[in-house]
Amino acid sequence: MRFLVFAALWSSVFMVARVSAQTAEPEEEETRPAASDGGKVEVLPSRPIEQDADQLNELVAAETVDGLVLVVTIDRASVTLDSAVPARVPRRLTGPDRKIAGDVVRTTGFVNNEEIASTVTPDNVVNASEGGGLVRTERRQITIVLAAERPIESVAIDAPATGAIARLDVRAAYAEYCKADPTGKWCPKAR
Amino acid sequence: MRNRLLAGTLVLALTGCAGTPRVSALHNPLYRATNHTSTITARATESRDGISEIRIEAIVGELTACISLLPSLIPCRQNASVSAVVCSFPGIKTEVNCKLPLAITPQRLVTYRATARSAKNRTATTGSVTYAGGAPLTQVQIDLGFVNFSMPWETARPVVWRTDAPTSTVDRGGKIDLGFLPDPDMPNYRAFTDDLRSLARPLFYTDANQFSVWTRTWKNLFNLWAGPAGADGEGCARTFAAPASTVRGAFDGTAILHRNAFRDCASISRGGGAGTTQTTLTDATWVLLHEAGHFLFGLGDEYDGGGNFSISNPLNVYSTEAACQSSSTANSLPSSQCAQIGATGTWRNDDGAATTMEDRVLTSDFRTLSGVALSNQVVACVNGACY
């Protein structure tokens, strides 16, 4: 009940914005600044922004973390590593406590058998086919995002929906970094 | 009681805002991966005192993968500059607009917001929206200090990315990141971005049908992204090759847009699912929303012959009548409305009106238990964590 009232309150506040949002945007492309209703137009001189002062970069820095993007194919009980890419990844997608439901894939990252990262990802086994009913895709591809401040050497994948369990070596993901700097932070061999 | 509370709140909202301008802004086209002119249009209204000024400020710079040891899935910007236009009006009391066209060249990243000022000097400002345009980034230079190397890289391409600075109570977890990827049956990438615009603009901004009320009302909870090639959908079989497979790591849900006819299908997921939408259908926008009901919110089909299974909160499909009745009561809905879906042995709460997970009509919306599930989703997002 409480959430319905809460949502209703928000709905009422947003109603005004909704009305204006229904106004169709023009399809044509403008080439010069313009004002409707005979309004006057003043174009202000362009000014540069220092990179450090660009709030967008601050936002991205705050909301991303170092990590690893894994793409795996789970085919019934087998798991195949399709790709593993070190990247700055959205922080919020990396946690083991995400509010997802249904079948999940649990992934844990290891360095020398020490657990350094874990996450939970929806396992897209159950599908709704329009007019076709429920379809189980026991062969499916899952993209997994792990947060890790150092190179992950292996990952454990657990997909209970089809009984898939695997341990995958992902050190090759850092090959370019090792080639460029064998003693660098992002080269597992250096550890 | 609830109706009186709602009416009272609406009156308060309207009277409390008297004299304050209403302002909205949107860029057009939403996303195009080639050189083009992008026009930001701000619209403002203030019926009591009139609008005296609209100011559009746009920060335009080069899209990067962020300069650090590891490249980012979400883009940063460098070499940016601020462009602005000020449109002045003599206190006009009907809607006025102001347009700022921008020449979009390769790897552009634009952030804009608009401020409207009334004749009595009251102001209102839109939230910041960031979008990409021009040829995308395809390679990144990694600088390890004494040695550099380059490698192929793609970021997610923001279409409508809400980039207000996070506050202590609201962060990016309070958004639903909906990504779009092209199917190989798209004639080319331009066709994909055109189709994306044809779906996303009505669904979140311009449609006037009942089915899109929810997305238009809550559009500020969504970030929309485009991704590179690599996805392939055919029925319920979906594959993702690089770079799309990596980039979709930034999405809460992925819609593969296709033109060839096949039975659309979506995973029943919350936060990480995917589905397909045929863009050539006359009701493709409705189909996208229905599929998103599956892959973003875990809703099941409520029609006979569909995917009658749910993981939404609460479930909108139940395996027993008793479970449907119990959930209905718990969610302040008449348990007497629980009805079997055909002869499937699954149950839903049906108030007799057209609902988006059952009825393929533009007059549908999310009702009864699916409506509650979406209200819960809104609350979760407003509280800072959609998933």
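Mentor: Let us consider a contact in chain B, where Leu199(B), Pro202(B) and Leu203(B) of helix H2(B) meet Ala284(B), Thr285(B), Leu288(B) and Leu289(B) of helix H5(B). Two residues are in contact if their C-beta atoms, placed from the backbone, lie within 7 Å. By class, this contact of H2(B) with H5(B) has 6 nonpolar residues, 1 polar residue and no charged residues. Here Ala, Val, Leu, Ile, Met, Phe, Trp, Tyr, Cys and Pro count as nonpolar, Asp, Glu, Lys and Arg as charged, and the others, Gly among them, as polar.

The model is predicted: local features need pLDDT of at least 70, side-chain atom pairs count only at pLDDT 80 or more, and totals for chains, interfaces and linings use all residues. Residues are numbered from 1 along each chain as its sequence is written, while chains are lettered from A and ligands numbered from 1 in the order in which they are written.

Helix H2 of chain B covers residues 189-206 and helix H5 of chain B covers residues 284-295. Helices (H or I, at least four residues) and strands (E, at least two) are DSSP runs, numbered from the N terminus. The axes of H2(B) and H5(B) lie 9 Å apart, at an angle of about 75°. Axes are lines fitted to C-alpha atoms, for helices over the stretch in contact, and angles run from 0 to 180 degrees between N-to-C directions. H2(B) and H5(B) are therefore roughly perpendicular to each other, a term for angles of 65 to 115 degrees.

For context, chain A has 3 helices and 11 strands.

Key. Parallel < 35°, antiparallel > 145°, perpendicular 65-115°, else oblique.
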